Amino acid sequence: MTDLLYSDVEEDLRASVRALLVDRSPAPRVLARVESDETYDAKLWRTLAVELGTGGLAIPTEYGGAGASFREAAVVCEELGRAVAPVPYLGSAVVATATLLAAGGTALLAELASGTRTAALAVPFATGPGAPSTTVAVTGGRLTGAVRGVADALPADVLLVPAGGGLYEVEARDAVREPVTSLDQTRQLCDIRLADVPGREIATGDGAAAAVSAGLTAGTALLAAEQVGLAEWCLQSTVEYMRTRYQFARPVGSFQAVKHRLADVWVGLTQARAVARYAAACLATGDPDTPVAVALAKAHCGPVAVSAAEECVQLHGGIGFTWEHPAHLYLKRAKADAIALGTADQHRAALARLVDLPGPLVEGEAA
Amino acid sequence: MPEPLDAAAVQARVADFLAAHDPATTDRLEFLRARFDAGLAWVHYPPGHGGLGAPLALQAGVDRAFAAAGAPSNDPRRIGIGLGMAAPTILRHGTATQRERFLRPLWTGEEVWCQLFSEPGAGSDLAALATRAVREDAGWRVTGQKVWTSGAQLARWAILVTRTDPDVPKHAGMTYFVCDMTAPGVEVRPLRQLTGDAEFNEVFLTDVWIPDEHRLGDVGDGWRVAQTTLMNERVSIGGGPLPREGGLIGVLARTWRERPELRTPGLHDTLLRLWVAAEAARLTGERLRQQLTAGQPGPEGSAAKLVFATLNQQISGLELELLGDEGLRHDDWGMRRESIVDFAGRSPTYRYLRAKGNSIEGGTSEILRNIIAERVLGLPPEPRSDKDIPWKDLPR
C-alpha cells in the first residue's frame, strides 16, 4: 500500500520551512506586502528556494536538484498554505519543474534547482490537467499572442509557453506582464502579452502536450497539499479563538453547535490529508493511479479548504470580517485555490471518465 | 376613537396634498416637511408625528402615488438606520418632546442617524456591553468603544446603549440614549472590512456629555428599549418584495443564460437547487407580507434573514466557480467609504466576500437559530450562568 504517512525527513523539512515562515512571513507582514507594489516576497523566496534548498526538491541530482520527490515538495506546499506565503513555489518548483522534467530536462532545470531563476507555465490559472487550448501562435520561432490570468508569472524569469503545438521557453522580460487585481491577494495573477518575441522550443507535438499535462497534474496534486495546510490554519486559529472568546459569560467554543461544526471541519481535514498524501505519493512514484489520485484530491480538498476558511470567518464573527484580521487572506486563497487548476466539479467529471461512472445517456447517443 | 382611514381616504389625502404642493415647483425640503406635516410620511405613525394612524399596509400605495407624481424622495437608503431603527424606538419609548424634536428631521433626511450598539466585547452577547454612562449633574458622562457603526461619519445623532449600573445583572443595568455625534469626545474612525471597503466605523466615546433629556426610556430599562430597535433591524434586513429572480439568483441566472460555454452538468444541478431555494424564500417572504397585512404576524420573519444570508453566500460562491478564470479577478481593493452595499454593481468576487457579512451583521445566523429554536419552537434555553450575577462579575 502506498505510504500515506510523513517520514522523519519530511517532518524535519516541515519544521525548517515552518520556522522560516513564522519568523519571516507572519500574517501582518503578508498583509502589508499584498498591499504594496511588489506582492511577491522575493527575499523570502530566495531564502526558501536557495538557502533551504526547497526549490529543487523534485529535481534529480543530475540536474543539480535535491533528488527527492513531489512528496517532499508537498510538505513545503502544506506549510506555504498554512502561512498563505506570497512566493512562487507552486508555479516554479512544482508546475514549471514538472513540465520541464516531462519535456526531457533543459539547462533551465539546473537554474531552477539552484534557485537562481524561477519559471512559470503560461496557462490561465483555472486550467486543469486536461489539454489546455493554445492562444499563442508561432512564426519562424517567434511567439505572438496573449494569455490571461497566469499565476506566479509576475516574479518569474522564464515563461514556459504552449504555442502552435509546441512548448517554448521565453525570457519573461521579453513579454508584457500586466498585473491583475486578483481575488487571491497572496498569489497575484498577471495577463501576458507576447508580440513577436523569441522562444526556444523544448518540446513538440504530443511531447509538448504531455509536458504541459504533467506540469498541471503535479500542480493540482500539490495544490491539494496547500489546501490541507490552509485548512489546518483555519481550523487551529478558529479553535483557539473559540477557547478564548467569551460571550454569554462562557467561551463561545463551549456551545455544542459550534463544537460540532468544528468537529466536522476536522473530519474533512483528516480525509483531505489522506487524499492529498495519496496524490503526492502517486506522483512521486509515477503510479498508474495518479490521474485518479489527483482528481480525487482536488475534488475533495478544495471544498474542505473553502468550508474551513468560511467557518473561520463566520466563527470569528465581526473581527473575522475585518481587513486587519488575516482570516480574509485565507478565505481568498481558499476560494481561488478551489477554482485554480480546475474546480471540484471539473475533477468529478474527470473521475467519471477515469473510474467508468459515465453520466446519463443523452438522446441520440449510443450506450 | 375614530375608525382608521381606509385606502381610498388615504389616497384622497395624497391627491389633495399633491394639488396643493406641486412637486415640480416646490423646494425639495419644503415638500418633504409638508408631506410629514400632512401625515403622509409614514401613514401608520400617529397624527402629529408624520402619520395618520392608518394601517401600515397602505404605505406602499402612498409611496407609489408620490413617486408617480415625480415627488422628491427622502432617499430612504441613505437614512435607513434612522427610518428603520431609531424612529420606531423613539416613537415607542420617547417622550413627547423627543418625538417632536427628532422624528421630522429624521424622516426628511435633514438629520442622519447611526447606531451605537455593538462593542468589541459585546457582539452576539449585546447585553454584556461595557460602555459606561455615569450620572453627572443634569446628565451623563459616557466613555467606551462601539464598533460596526455604519454611517457614523455622516450622522448627526446616534442611538446608544450604555452600562449605567455594573452592580446588577447585565440586562438590568443598561440605559438607552440619543447621542449627539458632534459632541466633544466623539471620535469616528473608519473600519476596513475584508472587501477592502470601509462601510463601517469604530466610534470612540471619551467623557461625552449627554443631557438627561436625551435619555430614551427609564434608567436601567435600556435592554427593553433596545429590543424594539433590534426587532425592527431584522425586519428591514430581511428585505422587501421581489420579483422572481429579483435577488442574487437573478445575476447568476443571467450569466448562466448568456454564457453557454461555462455550463457543466454538475454546476447545472447546483444552480437549479439554488433557484428552487431562492424562489421558496421569495414566496415565503411574500406570504409573510400577506400575513402582516392581514394582521396575522407569523414567526417566519426570524427565518427570512437567516435564509437570505445562506442563499447569498451559496449563490455568490457558485458564481465564482462558474466563471472560472474570470472568477479569480477582483475589481478594486481600494478603501471605499460607501455605506451602501452594491451587490449587483460590483464584481462577482465582491459579492462572494461581502455576502460573508450577511450571516454576521444584524444578528449572526447562530443567534437567529437560537431565537427560532427557543422562542419559536419553545425548546429549553441553553443553561445560563450570566443572568443572575452582577455585570461586573461576569467571566470575560
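Colleague: In this predicted model, what is the handedness of the crossing in which α9(A) passes α10(A)?

Modeller: The crossing of α9(A) with α10(A) is left-handed. Helix α9 of chain A covers residues 290-316 and helix α10 of chain A covers residues 327-339; their axes come within 9 Å and cross at roughly 160°. Angles over 145 degrees count as roughly antiparallel. The helices α9(A) and α10(A) are therefore roughly antiparallel to each other.

Colleague: Which residues of α9(A) and α10(A) make the contact?

Modeller: From α9(A) come A:Lys298, A:Ala305, A:Val306, A:Ala309, A:Glu310, A:Cys312 and A:Val313. Facing them from α10(A) are A:Ala327, A:Tyr330, A:Leu331, A:Ala334, A:Lys335, A:Asp337, A:Ala338 and A:Ile339. By class, the contact of α9(A) with α10(A) holds 11 nonpolar, no polar and four charged residues.

Colleague: At what angle do helix α5 and helix α6 of chain A pack?

Modeller: Helix α5 (residues 89-103) and helix α6 (residues 107-114) of chain A pack at about 155°, and their axes lie 10 Å apart. This angle makes α5(A) roughly antiparallel to α6(A). The crossing in which α5(A) passes α6(A) is left-handed. In α5(A), the residues A:Ser92, A:Thr97, A:Leu100 and A:Leu101 meet A:Leu108, A:Leu109 and A:Leu112 in α6(A).

Colleague: Is the crossing of α1(A) past α3(A) left-handed or right-handed?

Modeller: The helix α1(A) passes α3(A) in a right-handed crossing. Helix α1 (residues 8-24) and helix α3 (residues 42-51) of chain A pack at an angle of about 160°, with axes 11 Å apart. The helices α1(A) and α3(A) are therefore roughly antiparallel to each other. On the α1(A) side, A:Val17, A:Leu20, A:Leu21 and A:Arg24 meet A:Lys43, A:Leu44, A:Thr47 and A:Leu48 of α3(A). Five nonpolar, one polar and two charged residues make up the contact of α1(A) with α3(A).

Colleague: How much area do chain A and chain B bury between them?

Modeller: The size of an interface is often given as the accessible area lost when the parts come together. Here, chain A and chain B bury about 3800 Å² between them, with 61% of it on carbon and sulfur atoms. In chain A, the residues that lose the most area to chain B are A:Phe248, A:Phe321 and A:Trp323, together 21% of what that side buries. The contact takes 41 residues from chain A and 50 residues from chain B.

Colleague: Into which domains is chain B divided?

Modeller: Chain B is divided into domain 1 (1-73), domain 2 (76-233 + 386-396) and domain 3 (239-363). Taken over C-alpha atoms, the centres of domain 1 and domain 3 of chain B are separated by 33 Å.

Note on methods: Residues numbered from 1 in each chain as written. Chains lettered and ligands numbered in written order. Predicted model: local features only at pLDDT ≥ 70, side-chain atom pairs only at ≥ 80, totals over all residues. Heavy atoms only, no water. Domains from an automatic or database assignment. Axes fitted to C-alpha atoms, helices over the stretch in contact; angles between N-to-C directions. Helix = DSSP H or I, 4+ residues; strand = E, 2+ residues; numbered from the N terminus. Parallel < 35°, antiparallel > 145°, perpendicular 65-115°, else oblique. Left-handed = near helix turned anticlockwise from the far one by under 90°. Contact = heavy atoms within 4.5 Å. Nonpolar A, V, L, I, M, F, W, Y, C, P; charged D, E, K, R; others polar. Buried area = accessible area lost by both parts, 1.4 Å probe.
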